[in-house]
Amino acid sequence: MNKTTNWVGQNLTLTIDKVAHGGIFVARHDGRVVFVSHVLPGEKVKAVVYEDRGGSFCRAEPTEILEASPDRVKHFWKQAGPSGAGGAEFGHIALARQRELKADVLEEALDRMAGIKLRPVVEAAPGDDEVNGLGYRTRVQLHVDEAGTVGPYRERSHDVVKVRDLPLAVEEIRELEFQNKNFQDVKKIEVAVSSTGQVQWKIDKKLKGDERLIERASGRTFRISGGGFWQVHKKAAEVLTGAVNEMIAAVGIDLEADNLDLYGGVGLFTGTIAAKFGKELRMTSVESFKVATEDATLNLADLPRVKAVCSATERFLNERVGNLDKGGKVASPRNSTIVLDPPRAGAGAKVVNQLLAISPAHIVYVACDPVALARDLKPLLAGGYELKALRAFDLFPHTHHVEAVASLVRKN
Ligand SMILES: C[S@@+](CC[C@H](N)C(=O)[O-])C[C@H]1O[C@@H](n2cnc3c(N)ncnc32)[C@H](O)[C@@H]1O
């Protein structure tokens, strides 16, 4: 076989080398890379190629495990696995080993993309080990097919898989048993439950149940109206606000400075930073979704020097950078702390350059994608910041996702 032959349908015998970003594993065959799902490093497998667009790599899934890794376990979800229900692509791996693999991905991304040499520890959320990392999702998206069957999509497809249970969902969602009901003329069902016991679901965007969810985290209450972002794992808000506050405590915060909470959602970080460091905190939460900004305004209403602004981060920072050029009416940004928690794609070059122009004393970057984080860290380190601390959390057990929080301090 060579590069000019399309390998789709070929059953290859492969030895798996290492994990790659995105929940897949790397093997080599006949001079090409084969990305294989549902396997483990060190395993010998037979795998069928399902995608080959030419070039240096193709994609395959296992048909037979010839030599299994000692870290392979029976998948907890019968309908998952190769070409099965999506969303539990690490479910065949012992939980502790899943975290090592996530650490491998983060370590490699930091080294390759930002030149950072660091072996992160991926920490479990409290209580997860006791329940094998199940029952944590407070938000679940299900799809409905033409026959009315409700379930997750089959991986790499838009086919709905009939499942009997949703083992990653919290008890309150599992008890609703949407997956055992039949819906006609519906496409999508989104379910969310709050830590204070409310249940909300949307059937093709039509809201049912509680109109607003009330959440508690790190000593504060937050309301979230339909569509607003809230962290998925039931312990995520506590874990992430704890990490952010710990990093801020280690560096210190100037409560008078022009502190910012970028991609602020309903005000989670602003509220919990104020709860820890004082209600006199000056901070602006910047969020592009109007409904979430309205929630943030209410959630932060008791904090006299806090503001929630509805704006794209890029546009907001543009104005701040413009003000610097004019001598600036706003409080000095040089002493400020900026927390940012962007979507999966990361902050990107434009926002990173704006941050460098503002040059705050401390940047706390909350990231849900290790590669996007590493890509954004590189120019920040080159621009005069030092990586003071980095913590990583397993807030999506049985998937490849990993959350990281990085603390960057201006060197001079
Ligand atoms: C990962 S969530 C974090 C929200 C919040 N920090 C939290 O933990 O609850 C990212 C948030 O950024 C918002 N967002 C997405 N793109 C944005 C942009 N360009 N500017 C400002 N906010 C944005 C989303 O609506 C979402 O609320």
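Colleague: How many helices and how many strands are in the chain?
Modeller: This is a predicted model, and its secondary structure can be counted along the chain. The chain has eight helices and 20 strands.

Colleague: What is the mean pLDDT of the chain?
Modeller: The predicted model scores ipTM 0.99 and pTM 0.96. By residue, 98% of the chain reaches a pLDDT of 70 or more. The mean pLDDT of the chain is 95.

Colleague: What share of the residues of the chain count as buried?
Modeller: Contacts give one view of the fold: among those with a separation of 6 or more, 60% join residues 24 or more positions apart. Burial gives another view, taken over the 412 residues of the chain. The share that counts as buried is 44%.

Colleague: How many residues does domain 3 give to its contact with domain 2?
Modeller: The domain assignment places domain 2 at 103–128 + 234–410 and domain 3 at 135–216, with domain 1 at 11–67. The centres of domain 2 and domain 3 are 30 Å apart over C-alpha atoms. Domain 2 gives five residues to the contact; by class, these are two nonpolar, one polar and two charged. From domain 3 the number is six.

Colleague: Which residue does the UniProt annotation "active site" cover, and is that residue buried or exposed?
Modeller: The annotation comes from an unreviewed UniProt entry and covers Cys368. Cys368 sits in the loop between β18 (362–367) and α8 (370–382). The cut-off for burial is 20 or more C-beta atoms within 10 Å. Because Cys368 has 20 such neighbours, Cys368 counts as buried.

Colleague: Which residues does Cys368 touch, leaving out those up to four places away in sequence?
Modeller: Being in a loop between β18 and α8, Cys368 has sequence neighbours that this count sets aside. The residues that remain are Arg344, His401 and Glu403.

Colleague: Why does Gln231 count as buried?
Modeller: UniProt, in an unreviewed entry, lists Gln231 under "binding site". Gln231 lies in the loop between β13 and α3 and touches Ala236, Ala237 and Leu240 beyond four places in sequence. Gln231 is buried because the number of other C-beta atoms within 10 Å is 23.

Colleague: How does Phe229 count by its C-beta neighbours?
Modeller: Phe229 is also placed in the loop between β13 (220–225) and α3 (236–251). Beyond four places in sequence, Phe229 touches Gly265 and Ala292. Phe229 has 17 C-beta neighbours inside 10 Å, so Phe229 counts as partly exposed.

Colleague: How far apart in space are Phe229 and Val266?
Modeller: In sequence, Phe229 and Val266 are 37 residues apart. In space, from C-alpha to C-alpha, the distance is 7.3 Å.

Colleague: Which residues listed by UniProt under "binding site" does Tyr263 touch?
Modeller: Tyr263 lies in the loop between β14 (259–262) and α4 (268–277), and Tyr263 counts as buried because 21 C-beta neighbours are inside 10 Å. Leaving aside neighbours within four places in sequence, its contacts include Thr313, Leu340 and Pro342. The UniProt list has Gln231, Tyr263, Glu287 and Asp341.

Note on methods. Residues numbered from 1 in each chain as written. Predicted model: local features only at pLDDT ≥ 70, side-chain atom pairs only at ≥ 80, totals over all residues. pLDDT = per-residue confidence, 0-100. Domains from an automatic or database assignment. Contact = placed C-beta atoms within 7 Å. Nonpolar A, V, L, I, M, F, W, Y, C, P; charged D, E, K, R; others polar. UniProt positions renumbered as here; feature names shortened; annotations may be inferred. Helix = DSSP H or I, 4+ residues; strand = E, 2+ residues; numbered from the N terminus. Buried ≥ 20, exposed ≤ 12 C-beta atoms within 10 Å, placed from the backbone.
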